[in-house]
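Here's a quick briefing on one model. Have a look at the sequence and the fold, then read on.

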Amino acid sequence: MLNKVLVVDDEQLLAQNLQDYLQAQALEVRIAHDGAHGIAEADDFAPDVMVFDYRLPDMEGFQVLDAVRQNRKCHFVLITGHPTAEVCERARQLGVSHILFKPFPLAELARAVCDLLGMERENRTGASPSEGFVERRQSRTESFPLQLYDGSWVLADRRRSSTTSKASDDEQMLTGE
């Protein structure tokens with residue numbers, strides 16, 4: 001039986017990245033892009049863990065948590081770009097197990113979800129469970145793709161393979177120096 005995870009986030013590309021990455025961890029994952037659909041999906045899907053954003057277009061993420069909790073017992077992971085003390089304190093009061101601040105490494109989310117499910121993440125010999133996975137984002141103001149590389153967002157077309165020598169500005173882009 002697959003462990004079920006529901007991701008409720010209005011950033012469609014981020015939600016798709018989370019779904020793809022968590023599915024690579026052998027989890028069954030569904031996504032919703034607003035609170036109302038998140039609540040309906042939780043009723044239909046019966047998730048073991050719900051990963052939710054603090055700010056959704058139609059309601060606050062904590063309202064989704066309250067509605068889901070009335071009908072279902074599951075674990076909650078908050079993902080937010082608003083790391084204020086008030087949000088964190090309210091999440092703790094509501095029993096949120098983990099809080100992750102955007103942008104976060106996808107492995108950190110997978111670790112939190114697997115911990116809550118009592119699963120050990122399986123490492124294949126010499127490979128990670130998400131080998132070959134590339135997380136991409138589109139900037140809201142620019143039309144170039146961004147890619148997560150060693151914990152930093154860089155231009156995807158600027159990233160070079162290890163067999164190609166890097167120009168000095170590429171080195172600066174990757175190291176932040």
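Does Cys 74 count as buried or exposed? Cys 74 counts as buried, because its relative accessibility is 14% (buried is under 20% relative accessible area, exposed over 50%, partly exposed in between, with a 1.4 Å probe and protein chains only). Keep in mind that this is a predicted model, where local features need pLDDT of at least 70, side-chain atom pairs count only at pLDDT 80 or more, and totals for chains, interfaces and linings use all residues. Residues are numbered from 1 along each chain as its sequence is written, and side-chain values use heavy atoms, leaving out hydrogens and water.

**Cysteines**
- Cys 114 also counts as buried, because its relative accessibility is 2%.
- The disulfide count is zero, a disulfide being a pair of cysteine sulfur atoms within 2.5 Å.

**Helix α1 against helix α5**
- The axes of α1 (residues 12–23) and α5 (residues 106–117) come within 10 Å and cross at roughly 60°; axes are lines fitted to C-alpha atoms, for helices over the stretch in contact, with angles from 0 to 180 degrees between N-to-C directions.
- Helices here are DSSP runs (H or I, at least four residues), and strands are E runs of at least two, numbered from the N terminus.
- On the α1 side, Asn 17, Leu 18, Tyr 21 and Leu 22 make the contact, meeting Leu 106, Ala 107, Leu 109 and Ala 110 of α5 (contact means heavy atoms within 4.5 Å).

- Ala 24 sits in the loop between α1 and β2 (27–32).
- Ala 24 is partly exposed, because its relative accessible area is 37%.
- Ala 24 and Ala 110 are 86 residues apart along the chain, with 9.7 Å between their C-alpha atoms.
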